[in-house]
Amino acid sequence: MRITVGEGSCGVAAGATEIYSLLEQGIKAFGIDCMLTVTGCIGMCYLEPIVNVTLSDGQLATYVRVSAEAVGEILKLLCNEENNAEQYLIAQQDQENLDAQQRIALQNCGIIDPENIDEYLDAQGYQAIKKCITELTPEQVIDEMQASGLGGRGGAGFPTWFKWQSARGSEGDKKYMICNADEGDPGAFMDRAVIEGDPHQLIEGIMIGAYAIGSDEGIVYVRAEYPLAIVRLELAIIQARERGILGENIFGTDFCFDLAIKAGAGAFVCGEETALIASLEGERGMPRLKPPYPAQKGFLKLPSNINNVETFANVPWIIRNGGSAFAAIGTEDSKGTKVFALTGKIAKGGLAEVPMGTTIREIVYGVGGGIRGGKAFKAVQMGGPSGGCIPAKLIDTMIDYRSLAATGAIMGSGGMVIMDESTCMVDMARFFIEFTCNESCGKCTHCRIGNRRMLEILERICNGEGQDGDIELLSALAEQVKDGSLCGLGQTSPNPVLTTLRYFRNEYEDHIYNKKCTARQCKPLLTYTVIDDLCIGCNLCAKRCPSGAITGELKKPYIIDNEKCIQCGKCAEVCKFAAVAVD
Amino acid sequence: MNEIKLTINGIQATGQQGQTILDIAKEHGIEIPTLCHDDRTEIYGSCGICVVEAEGNPKLLRACSTMAADGMSINTNSDRVIQSRKAALELLLSDHSGDCRPPCAKACPAETDCQGYVGLIANGEYKEALKLIKEKVPFPASIGRVCPHPCEDACRRELVEEPVAIAAMKKFVGDIDLLEEAANTPPIAPATGKRAAVVGGGPGGLTAAYFLRLNGHEVTVYDAMPLMGGMLRYGIPEYRLPKAVLQKEIDAIESLGIKFCNSVRVGADISLKELQDQNDAVIVAVGAWSSISLGCPGEELGGVIGGIEFLRGIDINSKSLAGMNVAVVGGGNTAMDACRTAVRLGAANVYNIYRRTKNEMPAEEIEIRQAEEEGVIFKNLTNPIEVLGKDGTAQAVRLQHMELGEPDASGRRSPVPIQGSEETLAIDMAIMALGQRLNGIGLQELELTRGGTILADEHTFATSVEGVFAVGDATNQGADIAISAIGEGKRAAEMVGLYLKGMKLGHSSEFLSSTEKTAEDFLDRQKQQRVSAHERDAGVRSRDFAEIDLPMPEQEAKNEAFRCLECGCRDYFECKLIDYANRYNVEPDKYRGLVNHNPKKDEHPFIVRDPDKCILCGLCVRVCDEVIGATALGFVDRGFVTSVKPALGADLADAGCIACGLCAQMCPTGALTERQMIAKQVPLAEEYTEGACDKCPIECKMKIAVKGSLKLRALPAKEGGLLCYKGKFGFAGNAGELESLKVPAGIQQSLLEKIAKANGYDGPMPEN
């Protein structure tokens with residue numbers, strides 16, 4: 001019998017650590033013969049804490065949103081006592097949503113114990129690297145990658161085999177294999193799940209890449225905000241070394257490789273590969289001009305290859321199953337699967353790994369369970385601050401590189417921020433530009449000052465101070481920033497502005513010319529009024545109003561003084577008769 | 001080696017594999033602008049100015065970093081490229097604060113470089129100061145006496161205590177010029193073979209003639225009066241501007257080879273058409289020679305005269321006003337001139353009649369004060385409603401008493417009659433000094449404005465007649481101060497120059513960065529009283545026409561010049577940012593928003609930092625690291641608030657700086673400048689002479705920036721060369737300051753080795 005507790009960051013946040021210790025105490029107290037372990041995130045973050053129980057007959061039961069009471073029922077079940085555990089079982093729909101996914105990068109996440117190398121080994125772990133170094137030449141490995149069609153999962157989708165071949169072709173004895181785990185997009189946590197849930201798979205992927213390019217040293221650049229990922233990866237590296245999987249003469253071959261972790265200090269731009277290299281070198285994290293590309297002159301000016309976590313996580317599967325098997329999944333221009341992180345106004349937030357070519361509708365209304373509170377889907381922001389929004393009318397867009405690019409958005413690393421009718425698209429653009437402003441390294445003119453100026457224009461529009469000509473100024477500036485910025489951060493940062501201008505121009509116009517925010521998010525544009533017919537004159541709103549803007553006589557309709565009103569919304573919130581209208 | 005062929009702007013170019021587009025373009029004489037690139041440092045690519053387009057490539061390329069490839073077709077000036085550069089410059093300027101030019105120079109209608117000449121005077125370099133003034137104004141001594149000096153109104157020293165006495169400075173050096181045997185005048189350009197006529201020998205006309213002549217044209221000036229000078233001669237009394245001073249300056253103008261034709265009234269003695277036939281271009285600068293009448297009954301009586309007419313009569317045929325009562329109506333400078341002239345002519349009582357109070361008077365404060373000292377009786381808040389006379393001669397004036405009402409649209413409180421309150425003043429003479437208007441006789445060909453002045457384009461000065469230009473009091477808004485006419489005269493001469501070359505007349509106003517300052521910004525300045533003029537005693541001066549002010553002693557002038565706050569950017573004449581900004585016609589105002597302000601401390605004896613002007617090109621940081629190895633400067637913070645600061649918050653002098661000056665030399669703006677080795681810092685267009693360092697046996701060749709006898713700074717003789725602090729800042733013999741520097745010995749030694757190598761020196765290495 002085996003019990004696993006989902007202890008990814010999402011599970012821990014939902015209280016999984018406490019559930020684990022309750023189970024541990026119970027198992028001990030009742031002398032239950034079972035193995036208790038942790039596992040990573042299975043993707044259903046909205047159901048955490050999740051406890052999986054594999055009974056001796058091999059039957060698996062998944063309990064969700066497990067509380068202390070639920071632990072009691074599960075313990076009763078384990079003691080074969082009468083219990084109510086059934087009510088905590090995963091709903092059939094949720095199980096189906098999970099089963100419908102096609103999991104390659106996440107194949108072991110939420111299933112195996114990431115802190116135990118044996119569990120990874122049992123799941124065909126390190127078979128792929130063994131095959132590479134004992135049976136395949138580096139060229140054959142690269143050929144297999146080419147056959148798979150795997151593109152970089154960090155966002156751009158650049159063919160992985162091509163990068164590897166360039167690095168392999170670069171002159172030099174010393175080469176570096178670098179893993180970019182500086183996942184920084186707001187609303188993106190795919191890479192974190194992979195490292196926390198299956199660190200050995202990542203290590204194996206890096207090793208295969210290292211063998212292919214001829215590198216004996218690897219570095220994983222992880223953002224310091226992922227402490228659990230760092231701990232699990234460190235542990236995995238130690239275990240792999242102990243088993244001789246990392247180090248000298250791996251599997252008795254000439255192949256030597258070791259891996260180190262570098263914790264990034266939290267600068268978003270360090271996810272850009274040249275800035276990442278500068279940061280690794282101890283320099284200020286600022287992008288450098290390409291060429292020279294890292295394959296020619298990377299870390300310490302030596303040939304280096306940089307891939308994203310999810311890219312590496314696909315590699316062992318490709319070697320084990322063959323490139324063509326991977327290429328059979330997905331669409332013509334986008335092969336394999338992609339992990340998406342669903343956040344925002346979605347009913348079932350979490351991770352989903354689906355074949356390329358799945359539509360946005362299938363993800364939002366399938367795995368995602370639709371919009372929270374049954375509201376209408378308005379748009380999805382794909383690709384974080386570098387991406388763009390895709391409006392409801394394009395919900396049947398297939399998720400592949402080409403189709404997404406046509407909308408003005410990008411695949412990005414896989415963050416999908418779902419928005420409903422209560423999201424103001426101008427405010428959304430403002431949010432992302434503010435993010436970019438804070439994360440710009442300050443090196444190039446367009447990004448450093450251009451984003452700031454865009455933010456100022458967006459702020460004044462949201463504050464009801466937008467002027468005639470602002471839309472034109474904003475869109476012209478956005479194009480200039482896109483055209484003139486040095487690195488990907490600035491070249492893509494205008495995308496949220498450009499796509500919202502493309503699909504939601506009317507909202508900008510409403511803000512500027514009608515001084516209205518139809519989503520009712522931009523406070524300075526809101527007017528609160530009492531609906532006389534509904535107000536019973538209970539005085540509650542007036543009592544709660546922090547600015548003394550509401551006056552009236554008991555049992556008669558109250559009046560809101562708009563001069564004094566600070567648009568905090570407290571009156572509408574406390575009114576029991578829906579007598580406060582917001583416009 | 002590996003030769004590659006490409007085209008740049010359609011021109012065939014060749015280069016080597018591994019060369020950037022920028023390098024190859026440069027080798028073929030095609031300039032691609034950049035603010036952050038320098039061959040001495042590694043490729044960086046931050047400014048975004050050097051972008052170009054390559055055929056078939058959807059992205060803009062940074063020419064500084066993109067390696068040229070065989071077959072490339074590059075366009076360095078496409079519309080997209082221009083727009084991108086313009087946007088980059090506008091963004092940079094939206095976060096760049098400083099004053100390219102000082103407020104004084106910007107306020108001057110003739111764009112006189114006030115800070116420049118004041119600074120030169122402070123350094124005792126009078127001849128250069130004079131040359132600088134004469135680049136804009138051909139009569140410094142005269143204008144220095146009469147100008148109501150808008151420069152001083154704009155002077156920020158007012159925020160400390162009082163403005164710098166800029167006009168007096170001009171007079172000071174102007175007077176030195178008068179003592180010279182031959183006036184200092186710029187050289188005349190080779191003859192163009194073109195002829196121009198100037199109608200009117202006042203300040204505007206003579207200025208136009210002066211600059212036309214300097215540009216090599218043949219010039220004749222026609223004037224209706226017997227002597228040149230216009231209103232400077234006939235409208236300004238002797239005691240303010242001695243005719244001898246004016247005449248000397250006019251003589252100097254004439255001596256350039258300008259033909260003067262006096263007592264010739266164009267339109268009567270010779271027609272405009274004839275002038276056009278005899279010349280390639282004509283500039284009309286006839287001035288406004290009639291007084292505006294008040295329009296009250298009795299103005300036609302004998303003894304009632306216009307202010308202008310009164311003043312003009314004084315020079316030609318002065319007569320005594322002994323024992324007479326004289327009323328002068330009006331509150332402007334002409335009214336004051338008339339009052340004070342009447343006093344000097346012996347009038348028993350001189351009344352000034354003005355319908356508002358002294359505070360509202362348009363006349364200069366000093367004029368009002370001096371008039372009062374000289375005995376003028378101010379009848380403020382009175383308005384003449386009738387001149388009473390007997391036998392056709394004025395005897396009295398009826399005055400309506402006034403009070404100030406509510407402020408009008410312009411904010412000025414307008415006078416309102418107090419009903420029933422009047423007085424009658426016995427007078428023998430009434431002078432109406434209410435303003436001037438044009439005598440448009442004889443110029444019927446020219447289209448007039450509704451106000452009756454000559455219609456001339458504000459920027460090109462072109463009139464309705466081809467080849468005829470017009471400036472000064474006779475045009476558009478009518479009468480203004482002399483310095484405005486001078487400014488217009490100079491600009492019109494430039495326009496005529498273009499016209500004579502057959503070029504299109506155009507105008508683009510120069511973009512200049514400006515900041516707002518308040519008294520808070522100058523709290524650290526020590527108060528120092530403005531120099532006061534040496535006025536002759538009122539009791540004495542009011543009895544003669546001799547000049548009121550005595551000459552200013554040299555030391556006083558120098559002290560006064562030192563009061564200048566040095567508002568204008570030291571780097572203006574070398575600044576790449578402002579150069580590009582104007583080349584690309586920037587309009588950064590549309591991006592107005594948050595502007596970074598970092599504290600500036602003058603913490604280094606030789607390097608002056610002004611972080612508000614920094615555009616983060618990083619050249620200083622990189623050159624200090626990559627070339628010198630001192631890493632005294634670095635980037636601090638990220639994003640919009642990124643700044644360049646000395647390491648670990650130290651003062652630059654304590655941050656490992658070896659004072660090689662390379663950072664300041666490479667800074668494309670005024671964010672880092674070298675302190676000039678002169679007493680008063682002053683922005684100047686430098687000239688260069690050769691020099692050599694005598695501090696060590698390497699004997700580096702140097703380029704010394706000079707202005708007159710002032711040695712401003714030293715630069716390596718070779719472009720891209722290096723100097724150590726001893727040569728760089730020690731050439732002016734300031735040993736004490738050099739010794740105070742904490743120069744890290746190791747870095748200094750390695751710099752000396754680099755310098756020795758670059759100079760091919762193989763003798764023993766000098767000690768630090």
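Residues are numbered from 1 along each chain as its sequence is written, while chains are lettered from A and ligands numbered from 1 in the order in which they are written. Because the model is predicted, local features need pLDDT of at least 70 and side-chain atom pairs count only at pLDDT 80 or more, whereas totals for chains, interfaces and linings use all residues.

**Chain A overall**

Chain A carries 24 helices and 17 strands (DSSP runs numbered from the N terminus: H or I of at least four residues for helices, E of at least two for strands). For 583 residues, a compact globule would have a radius of gyration near 25 Å, and chain A agrees with its 26 Å. That radius is taken over C-alpha atoms, and the globule rule is 2.2 Å times the number of residues to the power 0.38.

Of those 583 residues, 57% count as buried. Here, buried is 20 or more other C-beta atoms within 10 Å of a residue's own, exposed is 12 or fewer, and partly exposed is in between, with C-beta atoms placed from the backbone. Contacts need such C-beta atoms within 7 Å of each other. Among chain A contacts between residues at least 6 apart in sequence, 70% join residues at least 24 apart.

Why is helix α9 of chain A (residues 190-197) described as largely enclosed by the rest of the structure? It is because 8 of its 8 residues are buried. Among them are A:Met190, A:Arg192 and A:Glu196.

**Where the chains meet**

The contact takes 24 residues from chain A and 27 residues from chain B. On the chain A side, α17 (425-439), α18 (445-462) and α19 (470-484) each supply at least two residues. α18(A) gives the most, with 8 residues. By class, the chain A side has 9 nonpolar, 8 polar and 7 charged residues. Ala, Val, Leu, Ile, Met, Phe, Trp, Tyr, Cys and Pro count as nonpolar, Asp, Glu, Lys and Arg as charged, and the others, Gly among them, as polar.

**A helix pair in chain B**

Helix α9 (residues 203-214) and helix α16 (residues 482-500) of chain B have axes that come within 7 Å and cross at roughly 35°. These axes are lines fitted to C-alpha atoms over the stretch in contact, with angles from 0 to 180 degrees between N-to-C directions. The residues making this contact include B:Phe211 and B:Leu212 of α9(B), plus B:Ile486 and B:Val496 of α16(B). By class, that contact has 10 nonpolar, 4 polar and 2 charged residues.

Most residues other than glycine have a negative phi, and most peptide bonds are trans. Here are the exceptions to look at:

| Site | Feature | Angle |
|---|---|---|
| A:Lys290 to A:Pro291 | cis peptide bond | omega near -10° |
| A:Pro291 to A:Pro292 | cis peptide bond | omega near 5° |
| B:Ala659 | positive phi, not a glycine | phi about 55° |
| B:Glu699 | positive phi, not a glycine | phi about 50° |

A:Pro291 sits in the loop between α12 (273-280) and β8 (304-308) of chain A, and A:Pro292 lies in the loop between α12 and β8 too.

Over in chain B, B:Ala659 is in the loop between β25 (643-646) and α21 (662-666). Is B:Ala659 buried or exposed? B:Ala659 is buried, with 29 other C-beta atoms within 10 Å. B:Glu699, in the loop between β27 (687-692) and β28 (701-707), is partly exposed, with 13 other C-beta atoms within 10 Å.

Note on methods
Contact = placed C-beta atoms within 7 Å.
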